[in-house]
Amino acid sequence: MSKSVRLALLGCGTVGTEVVRLLHEQATDLTARIGAPLEIVGIAVRRPGRDRGDLPVDPGLFTTDALGLVKREDVDVVVEVVGGIEPARTWLVEALRAGKSVVTANKALLAEDGGTLHDAATEGGADLYYEASVAGAIPLLRPLRESLQGDTINRVTGIVNGTTNFILSAMDATGAGFEEALEEATALGYAEADPTADVEGFDAAAKASILASLAFHTRVGAADVYREGITAVSARDVASAKQMGCTIKLLCIATRSVDSSGQASVAVRVHPAMIPTSHPLASVGDAFNAVFIEAEAAGQLMFYGRGAGGAPTASAVLGDIVAVARNHLAGTRAASESSYADLPIRPMGEAVTRYHVSLDVADRAGVLAAVAGIFAKHDVSIATVRQSGRGDDAVLVIVTHGAPDAALAATVEELRGLEFVRAIASVLRVEGGV
Ligand SMILES: NC(=O)C1=CN([C@@H]2O[C@H](COP(=O)(O)OP(=O)(O)OC[C@H]3O[C@@H](n4cnc5c(N)ncnc54)[C@H](OP(=O)(O)O)[C@@H]3O)[C@@H](O)[C@H]2O)C=CC1
Ligand SMILES: N[C@@H](CC=O)C(=O)O
């Protein structure tokens with residue numbers, strides 16, 4: 001039996017405590033699978049005196065000096081489950097440059113500055129694994145990094161944020177408004193005290209950038225992702241979606257396309273969208289995640305499971321720990337990621353989308369003609385028009401055919417100035433062949 005593989009654990013919160021628990025409960029099997037025992041040599045936290053229940057770990061291992069722990073000579077692998085950009089970046093770059101492999105769940109850092117981490121890993125000859133950073137327990141990044149390396153992926157569509165999926169599922173099931181559903185998500189522990197990153201789409205955008213980078217062998221940063229959250233989705237939108245045989249989901253959509261001159265480019269976006277209830281992602285309820293991959297040879301693949309929570313996320317962290325521990329013992333490292341493609345990012349305005357526009361109008365002769373005229377002016381074709389209500393309480397719902405997003409947005413802007421349009425109640429995109 002080899003001597004132990006020594007771990008520095010940075011963070012012992014929702015995910016970190018479950019990592020400690022799994023390392024303890026599965027110690028015998030993990031030792032057999034790796035060929036050496038795993039040993040936690042230190043745990044960095046913010047508040048060492050915090051009550052962590054009956055955590056099976058020596059209290060003497062806790063420290064507030066994360067950087068000091070990373071630099072210790074007796075550390076082989078650094079496991080980071082703190083989150084945020086700094087000081088996590090400093091710790092991980094220090095570890096990687098010193099040849100210590102890193103396992104992290106930190107999607108925010110990978111999306112913001114993944115290139116720096118990858119460069120440091122190459123410089124130090126260390127492994128950088130981050131399966132837990134996207135879609136929690138779902139094995140998704142390793143299939144992209146390894147199994148699908150021989151194929152060409154053209155599209156990744158997914159639900160990658162559990163909190164917003166829970167909120168939208170609750171709105172769909174009960175007819176509740178956004179605020180009410182958010183309260184329920186908070187009470188059940190899905191949404192954090194500050195839910196901004198989830199409900200405004202930042203969390204999903206970070207995950208989308210990681211997925212697109214791996215799928216298309218290029219670097220897509222957080223700033224390259226078009227992002228809209230779900231705070232404007234109303235009970236009325238949900239009801240309107242139902243009338244159309246649809247449901248509303250926060251989607252991440254990453255596409256690779258090739259123009260007539262052979263130039264490939266990518267586009268990555270996160271926004272709420274109406275999808276038909278027959279779509280494979282429509283039945284993904286509660287806090288679950290699912291990702292749909294379309295590859296040239298493999299065809300369509302779907303990955304589904306728990307995308308958040310301590311134990312599911314710790315499962316992915318443990319899988320990475322086993323992989324890097326085996327590499328450490330073998331004196332090797334995984335092949336570094338291929339981001340050779342250096343593809344340009346297509347702006348959102350060029351994406352062909354469809355809009356569902358809900359207008360509060362005065363029901364007078366000529367309103368429909370005036371509204372339709374503005375769509376025609378921007379070369380946007382209308383698929384369906386539905387009117388309900390009379391007099392000053394009329395509602396006009398227009399669903400378009402596909403058009404460049406810039407043309408659709410310009411149409412909506414011009415509708416705002418129209419005399420009979422009292423308000424634009426909502427604008428939502430429609431995906432998936434409604
Ligand atoms: N929770 C989830 O469902 C998922 C989380 N992730 C990612 O996993 C990571 C951890 O998330 P989660 O466990 O939920 O976060 P928590 O907030 O529950 O835990 C964070 C931990 O980091 C410690 N910490 C914070 N700041 C410092 C610091 N400056 N120095 C040392 N320790 C510090 C905290 O210490 P203390 O305990 O003393 O406060 C705590 O133990 C994040 O990157 C997150 O995005 C990924 C997928 C799912
Ligand atoms: N806040 C995230 C947790 C995991 O990344 C989510 O709700 O999906």
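Q: Is glutamate 192 buried, partly exposed or exposed?
A: In this predicted model, glutamate 192 sits in the loop between α8 and α9. UniProt's unreviewed entry puts a "binding site" feature at Glu192. A residue needs 20 or more other C-beta atoms within 10 Å to be buried, and 12 or fewer to be exposed. Glutamate 192 has 14 such atoms within 10 Å, so it counts as partly exposed.

Q: What average pLDDT does the protein get?
A: The model is a prediction, so confidence is worth a look. For the complex, the predictor gives an ipTM of 0.99 and a pTM of 0.96. In the protein, 99% of the residues score at least 70, and the average pLDDT is 95.

Q: Which helix gives the most residues to the shell around ligand 1?
A: The shell around ligand 1 holds 24 residues, and Gly11, Gly13, Val15, Gly83 and Ala105 are the closest. By type, the shell divides into 11 nonpolar, nine polar and four charged residues. The helix that gives the most, with three residues, spans residues 14-25: it is α1.

Q: How far does α1 reach from its first C-alpha to its last?
A: Helix α1 has 12 residues. At 1.5 Å a residue, 16 Å is expected. The model comes close to that, with a reach of 17 Å.

Q: Which elements do the buried residues of α1 pack against?
A: Start with who is buried in α1: Val15, Gly16, Thr17, Glu18, Val19, Val20 and Leu23. Their packing partners include strands and helices.

Q: Is threonine 17 buried or exposed?
A: Threonine 17 belongs to helix α1, and the "binding site" annotation in UniProt's unreviewed entry includes Thr17. Beyond its neighbours within four places in sequence, threonine 17 is in contact with Cys12, Arg52, Leu55 and Gly310. The cut-off for burial is 20 or more other C-beta atoms within 10 Å. Threonine 17 has 20 C-beta neighbours inside 10 Å, so it counts as buried.

Q: How many other C-beta atoms lie within 10 Å of leucine 10?
A: Leucine 10 is in strand β1 (residues 5-10), and the UniProt "binding site" annotation (unreviewed entry) covers it too. Leaving aside neighbours within four places in sequence, its contacts are Ala44, Ala66, Val78, Val79, Glu80, Val81, Val82 and Trp91. Leucine 10 is buried because the count of other C-beta atoms within 10 Å is 27.

Q: Which residues surround ligand 2?
A: By type, the shell around ligand 2 divides into one nonpolar, five polar and two charged residues. Gly counts as polar here, while Asp is charged and Ala nonpolar. The names are Gly136, Asn161, Gly162, Thr163, Asp198, Asp203, Gly307 and Ala308.

Q: How far apart are the end C-alpha atoms of helix α7?
A: Helix α7 covers residues 162-174, which makes 13 residues. At 1.5 Å a residue, α7 should span 18 Å. The model agrees, because the end C-alpha atoms are separated by 18 Å.

Q: How many residues of α7 are buried?
A: The buried stretch of α7 takes in Gly162, Thr163, Thr164, Asn165, Phe166, Ile167, Leu168, Ser169, Ala170, Met171 and Asp172. Among the elements covering them are β7 (153-159), α8 (178-187), α11 (235-243) and β9 (246-258). That leaves α7 mostly covered, with the buried count at 11 of its 13 residues.

Q: Which residue just after α7 takes a positive phi?
A: The spot to check comes just after α7. The phi there is about 80°. The residue is glycine 175.

Q: Is lysine 207 buried or exposed?
A: UniProt's unreviewed entry lists Lys207 as "active site", and lysine 207 is found in helix α10 (residues 202-216). Leaving aside neighbours within four places in sequence, it is in contact with Lys107, Val134, Ala135, Val160 and Cys252. With 28 other C-beta atoms within 10 Å, lysine 207 is buried.

Q: Is aspartate 58 buried or exposed?
A: Aspartate 58 lies in the loop between β2 and β3 (62-63). Its C-alpha is 34 Å from that of glutamate 123, 65 residues apart along the chain. Having 9 other C-beta atoms within 10 Å, aspartate 58 is exposed.

Key:
Residues are numbered from 1 along each chain as its sequence is written. Chains are lettered from A and ligands numbered from 1 in the order in which they are written. This is a predicted model: local features need pLDDT of at least 70, side-chain atom pairs count only at pLDDT 80 or more; totals for chains, interfaces and linings use all residues. A residue is near a molecule or strand if its C-beta atom, placed from the backbone, lies within 6 Å of it. Helices (H or I, at least four residues) and strands (E, at least two) are DSSP runs, numbered from the N terminus. The expected span of a helix is 1.5 Å times one less than its number of residues. Two residues are in contact if their C-beta atoms, placed from the backbone, lie within 7 Å. UniProt positions are given in the numbering used here, feature names are shortened, and annotations may be inferred rather than shown by experiment. pLDDT is the predictor's confidence in each residue, from 0 to 100.
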